[in-house]
Amino acid sequence: MTKKGQKTKSKTKQTKESAAGAKEKKLSVEEQLNAELSNEKDKFLRLFAEFENYKRRTSKERAELFLTASQDVIKSLLPVLDDFDRALHEMSKHEETELSKGVELIKNKFSSTLQQKGLRVVEVKKGDTFDADDHEAVTQIPAPTEDLKGKIIDVIEKGYKLSDKVIRFPKVVIGQ
C-alpha cells in the first residue's frame, strides 16, 4: 500500500475510534447530567421536607405559646376562685341570703368566664381511689372504715385543668 492509502486507512480508523470515544463520552456526560439531576431532586425534596417540618413546628410552638400565656394568668386567678368558694361556705352559715346570692352570682360569672377560656375542674370525690399521677396527697390519716384504706377521705383544694393539661392537682387527704 501506498503512503496515501495507509494515511486514509489510519484516519478512518481514528475517526471510528474517536466516534466510539465520543459516544462513550456522550453517554458519560448523559450519566453525569442524570446523576446531577437526581442529586438536585434529592436536595430539593430534603429542603421541602425540612421546610414542612419547620412550618409544623412553628405553628405548634405558637399554639403552645398562647396556651402557656393564658395558663399563667388563669393559674394566678385560681386563688380568687378558691376565696369565692370559702366566702360562700361561710355565708351559708348566716342568714344573709341576699348577700350570699350576690356573691354567688359574681362567682358563677367569674367561673363561666374561666371555663370559656378552657378551664375545667378535676372531678374528685370522697371515696375515690388515690392515684399519685392525678392527685396530690397532703396527709394520710387512719381510715375510718376498712373500705376507705388507700382512698380519698377529704378534698382540701380543687384541682384544675386548662384544656387537657393539669395546671393544679387536687389536694387530698387519704386513708391509711
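Let me start with helix H1, residues 3-91, where Asp42 and Arg46 sit four residues apart, about one turn of the helix. Their side chains meet in a salt bridge, with an N to O distance of 3.1 Å. Keep in mind that this is a predicted model, so every value I quote is computed.

How exposed is each partner? Asp42 has 37% relative accessibility and therefore counts as partly exposed. Arg46 is at 56%, and so counts as exposed. The cut-off for exposed is over 50%.

Staying on helix H1, Leu45 is also placed there. Leu45 counts as exposed because its relative accessibility is 55%. Together with Phe44 and Phe48, Leu45 forms a nonpolar patch on the surface. The accessible area of those three residues together is about 350 Å².

Back to charges. In total, the structure holds 12 salt bridges. As a reminder, side chains of opposite charge can pair when their charged atoms come close. The next one I want to show is between the side chains of Asp82 and Arg168, at 2.8 Å from N to O. Asp82 belongs to helix H1 and Arg168 to strand E5, residues 165-168, so this pair ties together parts that are 86 residues apart in sequence. Are these two residues buried or exposed? Both Asp82 and Arg168 are buried.

Then there is Glu157 with Lys171, another salt bridge between side chains, at 3.3 Å from N to O. Glu157 is in strand E3, residues 152-157, and Lys171 is in strand E6, residues 171-175, so the pair ties together parts 14 residues apart in sequence. With 25% relative accessibility, Lys171 counts as partly exposed.

Which residues do these bridges bring into a network? Asp82, Glu157, Arg168 and Lys171 are linked in a network of salt bridges.

How do E2 and E6 run, and how many bridges join them? They run parallel, and five bridges join them. If you want a place to look on screen, find Thr139, which stands opposite Val173 in E6.

Terms used:
Residues are numbered from 1 along each chain as its sequence is written. This is a predicted model: local features need pLDDT of at least 70, side-chain atom pairs count only at pLDDT 80 or more; totals for chains, interfaces and linings use all residues. Side-chain values use heavy atoms; hydrogens and water are left out. A salt bridge is a side-chain nitrogen of Lys or Arg within 4 Å of a carboxyl oxygen of Asp or Glu. Helices (H or I, at least four residues) and strands (E, at least two) are DSSP runs, numbered from the N terminus. Buried means under 20% relative accessible area, exposed over 50%, partly exposed in between (1.4 Å probe, protein chains only). Patches are made of residues with over 30% relative accessible area and no salt bridge: like charges are joined within 9 Å, nonpolar side chains (Val, Leu, Ile, Met, Phe, Trp, Tyr) within 5 Å. Accessible areas come from the Shrake-Rupley method with a 1.4 Å probe; for residues, only the protein chains shown count as cover. Two strands pair if DSSP finds at least two bridges between them.
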